[in-house]
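Dear colleague,

I am passing on the structure we spoke about, so that you can look through it alongside the notes below. Please keep the sequence and the 3D view open while you read.

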Amino acid sequence: MSASESVAGRRRIAAEIAIVLGLSFGASAVYALVAIANRLTLDRPLSQQTATLNPSQSPRPVFDLIYQFLGILFDLVPVALVCYLLWRATRPHLGRLGLDGRRVGRDVLWGVVLVLVIGIPGLALYLTGRALGLAPTVVATGLDEHWWTIPVLLLSALRAGVTEEVIVVGYLFARLRDLRWGTWTIILSAAVLRGAYHLYQGVPAFFGNVAMGVLFGWLYSRYGRLLPLIVAHTLIDAVVFVGYPFAVALLPDLFAPPVLPTSTPTPSG
């Protein structure tokens, strides 16, 4: 390959990355930056605001269900895109994304271990941020109680785990390696992106997700296994989404939203 062809190839990859992120978490990061700027310039402090992760989309239950399902479905389209872009003709077809169907049981077990490593410190960081007035109250679900509420919340958790880990870890690591970025440059860049699109939840959420991104990125660069990260992320979000009403009932002073909140519906993740 000539030097000009090599440069053209890198430019093409860079353009592809920009398009994929523009359709997914790059756009989310921009919206999150605008959201936090909006929050910080309101006449109400962050501690008296809320961020709703799974808001209701319609007062009519059947249409709320349809909107929720469509939102989850179309959020998975960028995942399908990166799978298409990195698909290999030989097995494992999604090997470049760290997915190969081997050692599934062990990968799931490691995902459960990661939940324990990340979940408790993450909760502590959130409560500390609330106490210091650096974060809004995160309302994990704004859905009313219907027969489909818990299944939708579980699907939403799966959507978050799959989209974030496949795109921000699997895809970005593959493509940035193609651009000959160093390992730690990739890890830190992906981690900062992860933190950026969580900024709507406040400053602690940014640093907490950067730390999570560094850990996930290091594990992926060392072992090349994406499924444990997907499992861990999905389980954490599932516990938060489904357990939120119970947490509010048991500890309203810690988890209940403030009176007359400023609520900003946001993508889950």
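What follows is a short account of the annotated segments and of the aromatic contacts.

Please bear in mind that this is a predicted model. The unreviewed UniProt entry carries the annotation "transmembrane region" for residues 12–37, 65–87, 108–127, 203–220 and 227–251. Among these, the segment 65–87 is 91% helix and 0% strand in the model, with its end C-alpha atoms 33 Å apart, while the segment 108–127 is 100% helix and 0% strand, with 28 Å between its end C-alpha atoms.

Turning to the side chains, the model has three aromatic pairs. One of them joins Phe-173 and Tyr-220, whose ring centres lie 5.4 Å apart and whose planes meet at 85°, and because planes over 60 degrees apart count as edge-to-face, the pair is assigned to that class. This pair links distant parts of the chain, since Phe-173 belongs to helix α6 (residues 149–178) and Tyr-220 to helix α8 (residues 203–223), with the two 47 residues apart. Both Phe-173 and Tyr-220 are buried.

The rings of Phe-206 and Phe-207 also form a pair, with centres 5.1 Å apart and planes at 80°, so this pair is edge-to-face as well. Phe-206 has a relative accessible area of 18% and is therefore buried, the limit being under 20%, whereas Phe-207, at 53% relative accessibility, counts as exposed because it is over 50%.

Notes: Residues are numbered from 1 along each chain as its sequence is written. This is a predicted model: local features need pLDDT of at least 70, side-chain atom pairs count only at pLDDT 80 or more; totals for chains, interfaces and linings use all residues. Side-chain values use heavy atoms; hydrogens and water are left out. UniProt positions are given in the numbering used here, feature names are shortened, and annotations may be inferred rather than shown by experiment. Helices (H or I, at least four residues) and strands (E, at least two) are DSSP runs, numbered from the N terminus. Rings of Phe, Tyr and Trp (its six-membered ring) pair if their centres lie within 6.5 Å; planes under 30 degrees apart count as stacked, over 60 as edge-to-face and the rest as tilted. Buried means under 20% relative accessible area, exposed over 50%, partly exposed in between (1.4 Å probe, protein chains only).
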